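Colleague: I have not looked at this one before. Can we go through it piece by piece?
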Amino acid sequence: MDALFLPRRSKKISLTALIDVVFILLMFFMLTSSFTHWQSLSLPSASASTTTQDGPPALVLVYASNDIRVLTDHLSEPVDSAQAIAALSNGRKIVISAEENASVQQILSVMNILDHAGVESTLGQPFQLEGK
Amino acid sequence: MNPLLKHGSTASDDNMIPLINIVFLLLIFFMVAGQIQKRPDESIELPTYQTDANDAVIEKMLTLTSDGRVRMNNEEVAVSELASMVGRSAISLTLVADKNATAKQLESVLSVLRGRDDISLSLLIGDDS
């Protein structure tokens with residue numbers, strides 16, 4: 001009975017067990033954590049009908065050959081600046097349409113040019129060149 | 001005999017204290033500085049875009065490889081099954097498209113999501129540097 005009231009002897013815990021656990025935690029955080037900050041871009045895709053009260057949209061055609069042309073009432077000569085695209089679109093809504101073989105990077109480069117110039121655009125369906 | 005000289009397990013434990021200190025510091029560094037989040041496939045070359053956009057928070061990841069294969073959270077799916085995989089509930093989707101994927105391949109994914117106002121779609125972009 002007296003044994004119940006005896007003060008408990010403090011028993012030292014071995015540090016080996018502690019460091020085992022800490023090492024496992026360290027491995028977990030080293031392997032799962034990432035230091036890269038990913039950025040994302042909201043993708044406004046054009047709906048099936050993009051015709052607005054301003055009339056049909058101006059299509060910015062992105063060719064696989066890196067040419068950019070604007071299709072309104074007629075097809076323009078290749079353009080290379082957002083200002084030229086904005087001027088040719090004549091205030092209409094701009095929809096980017098890429099050739100089927102054009103790459104994602106080519107599309108984004110055009111979106112980037114327009115975005116930097118403050119020109120709003122949406123992504124439309126791709127087109128196929130005749131005879132391809 | 002020097003009374004400070006310890007023997008046995010106590011002495012070996014004392015030698016471990018600097019090691020534990022360093023390991024604890026490393027642990028705290030990785031816990032505080034690192035982020036645990038989904039990572040895109042290493043084989044995907046992200047397209048570049050110069051922007052000051054906010055950091056992406058990847059909830060559901062849709063991957064489009066350069067050869068047109070589509071993966072939903074690293075599980076390969078056919079484009080025809082994508083609509084059922086996405087479901088009818090409102091979600092936030094992050095599209096991880098290879099920069100060399102074609103517009104046609106991108107359209108095959110976007111056509112499924114087009115018209116779904118409840119889906120917030122964003123494209124993951126790489127560092128321009």
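Colleague: Start with chain B. How many bridges join β3(B) to β4(B), and are the strands parallel or antiparallel?

Modeller: This is a predicted model, to begin with. In it, three bridges join β3 (residues 70-72) of chain B to β4(B), and the two strands run antiparallel. Within that pairing, B:V70 stands opposite B:V77 of β4(B).

Colleague: Which sheet are they in, and what is the strand order?

Modeller: They belong to an open sheet of six strands, in the order β2(A)-β6(B)-β5(B)-β2(B)-β3(B)-β4(B). The pairing in that sheet is mixed.

Colleague: Which strands are at its edges?

Modeller: β2 of chain A is one edge strand and β4 (75-77) of chain B is the other, each pairing on one side only. From one strand to the next, the twist averages 35 degrees.

Colleague: What lies across the sheet on the chain B side?

Modeller: Helix α3 (residues 103-113) of chain B does. It lies across β2 (60-64), β3, β5 (91-97) and β6 (119-125) of chain B, and runs at about 145 degrees to β2(B).

Colleague: And which helix does α3(B) pack with, at what angle?

Modeller: With helix α2 (residues 79-86) of chain B, at an angle of about 35 degrees and with the axes 9 Å apart. The crossing of α2(B) past α3(B) is right-handed.

Colleague: Which residues make that contact?

Modeller: From α2(B) they are B:V79, B:L82 and B:A83, and from α3(B) they are B:S108, B:V109 and B:V112. By type, that contact divides into five nonpolar residues, one polar and no charged.

Colleague: Give me the overview of chain B. How many helices and strands does chain B have?

Modeller: Three helices and six strands. Along the sequence they follow the pattern α-β-β-β-β-α-β-α-β. Chain B has 129 residues, and 23% of them are buried. Of the contacts in chain B with a separation of 6 or more, 74% are between residues 24 or more positions apart.

Colleague: Which strand of chain B is joined to β1(A)?

Modeller: Strand β1 (residues 35-36) of chain B, through two bridges, with the strands antiparallel. In that pair, A:S33 has B:I36 as its bridge partner.

Colleague: Over to chain A, then. What is the order of its four-strand sheet?

Modeller: The order is β4-β3-β5-β6 in chain A, an open sheet with mixed pairing.

Colleague: Why is one side of β4(A) and of β6(A) left without a neighbour?

Modeller: β4 and β6 (121-123) of chain A stand at the edges and have a single partner strand each, so one side of each has no neighbour in the sheet. The twist in this sheet averages 30 degrees from one strand to the next.

Colleague: Are β5(A) and β6(A) parallel or antiparallel?

Modeller: Parallel, over three bridges. One of the bridge pairs is A:V95 with A:T122 of β6(A). α4(A) packs on this sheet and touches β3, β4, β5 and β6 of chain A, with its direction at about 160 degrees to that of β5(A).

Colleague: A loop question. Where is A:N66, and what is its phi?

Modeller: A:N66 is in the loop between β3 (58-62) and β4 (68-71) of chain A. Its phi is positive, about 80 degrees, although A:N66 is not a glycine.

Colleague: And A:D73, buried or exposed?

Modeller: A:D73 counts as exposed because 8 other C-beta atoms lie within 10 Å, and the cut-off for exposed is 12 or fewer. A:D73 lies in the loop between β4 and α3 (82-89) of chain A.

Colleague: Last one. Where in chain A is confidence lowest, and where highest?

Modeller: Lowest in helix α1 (residues 2-5), with a mean of 60, and highest in strand β5 (residues 94-98), at 91. For chain A as a whole the mean pLDDT is 82, and 84% of its residues reach 70 or more.

How values were computed
Residues numbered from 1 in each chain as written. Chains lettered and ligands numbered in written order. Predicted model: local features only at pLDDT ≥ 70, side-chain atom pairs only at ≥ 80, totals over all residues. Pairing = 2+ DSSP bridges. Axes fitted to C-alpha atoms, helices over the stretch in contact; angles between N-to-C directions. Contact = placed C-beta atoms within 7 Å. Buried ≥ 20, exposed ≤ 12 C-beta atoms within 10 Å, placed from the backbone. pLDDT = per-residue confidence, 0-100. Left-handed = near helix turned anticlockwise from the far one by under 90°. Nonpolar A, V, L, I, M, F, W, Y, C, P; charged D, E, K, R; others polar.
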